[in-house]
Amino acid sequence: MNKRIEEFKRYLENHTFDSGDSGCKTVLDQLYRAYAESHEDDPPGIREGFKELESFLEVLPLDDNNSVFNLCCRICVAYEHKAFVDGLKYGFQLMKELK
């Protein structure tokens, strides 16, 4: 079995992954993209949070409003991505521990 694993590792080293999408460098990137795109609507808690954010932003000039809103969205997306990747890592670690 170890011989097959070593052969597979060599194969992967010599045949790099190409998703055909410059935004997805890894399989994990593709999994995250599929996950993120599968959400049609935000859950109620997120919708309520955006309404509350908008009430704070409406007093700002439009450019400042857009800057703050976009920053908030980038932070949310980064956190969502981290949580997704961490969840997969924790799941994998749990599977290893349960062997």
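**View 1. Helix H3 passes helix H4 in a right-handed crossing.** A crossing is right-handed if the near helix is turned clockwise from the far one by less than a right angle, and left-handed if anticlockwise. The model shown is predicted: local features need pLDDT of at least 70, side-chain atom pairs count only at pLDDT 80 or more, and totals for chains, interfaces and linings use all residues. Residues are numbered from 1 along each chain as its sequence is written, and side-chain values use heavy atoms, with hydrogens and water left out. Helices are DSSP runs (H or I, at least four residues), numbered from the N terminus. The axes of H3 and H4 are 10 Å apart, and the packing angle is about 150°. Axes here are lines fitted to C-alpha atoms over the stretch in contact, and angles run from 0 to 180 degrees between N-to-C directions. H3 and H4 are therefore roughly antiparallel to each other, a term for angles over 145 degrees.

**View 2. Residues of H3 meet residues of H4.** On the H3 side are Phe50, Leu53, Glu54 and Leu57; on the H4 side are Asn65, Val68, Phe69, Cys72 and Cys73. Contact means heavy atoms within 4.5 Å. By class, the residues of this contact are seven nonpolar, one polar and one charged. Ala, Val, Leu, Ile, Met, Phe, Trp, Tyr, Cys and Pro count as nonpolar, Asp, Glu, Lys and Arg as charged, and the others, Gly among them, as polar.

**View 3. Asparagine 65 lies in helix H4.** Its relative accessibility is 10%, so asparagine 65 counts as buried (under 20% relative accessible area; exposed is over 50% and partly exposed in between, with a 1.4 Å probe and protein chains only). Leaving out residues up to four places away in sequence, asparagine 65 touches Glu54, Leu57, Glu58 and Leu60.

**View 4. Four aromatic pairs are found in a search of the whole structure.** In the pair of phenylalanine 50 and phenylalanine 69, the ring centres are 5.5 Å apart and the planes stand at 50°, so the pair is tilted. Rings of Phe, Tyr and Trp (its six-membered ring) pair if their centres lie within 6.5 Å; planes under 30 degrees apart count as stacked, over 60 as edge-to-face and the rest as tilted. This pair links distant parts of the chain, 19 residues apart: phenylalanine 50 is in H3 (residues 44–57) and phenylalanine 69 in H4 (residues 62–97). Phenylalanine 50 is partly exposed at 25% relative accessible area, and phenylalanine 69 is partly exposed at 28%.

**View 5. Helix H2 (residues 27–37) and H4 cross at roughly 120°.** Their axes come within 11 Å. The crossing of H2 and H4 is right-handed. Leu28, Asp29, Leu31, Tyr32, Tyr35 and Ala36 in H2 face a contact set in H4 of Val77, Glu80, His81, Phe84, Val85 and Leu88. Tyr32, Tyr35 and Phe84 form one aromatic cluster.

**View 6. Leucine 94 and aspartate 86 are both in helix H4.** Leucine 94 is partly exposed, with 45% relative accessible area. From leucine 94 to aspartate 29 the C-alpha to C-alpha distance is 21 Å, and the two are 65 residues apart in sequence. Aspartate 86 is partly exposed at 22%. Aspartate 86 and lysine 9 are 77 residues apart in sequence, with 24 Å between their C-alpha atoms.

Notes
Helices (H or I, at least four residues) and strands (E, at least two) are DSSP runs, numbered from the N terminus. Angles under 35 degrees count as roughly parallel, over 145 as roughly antiparallel, 65 to 115 as roughly perpendicular and the rest as oblique.
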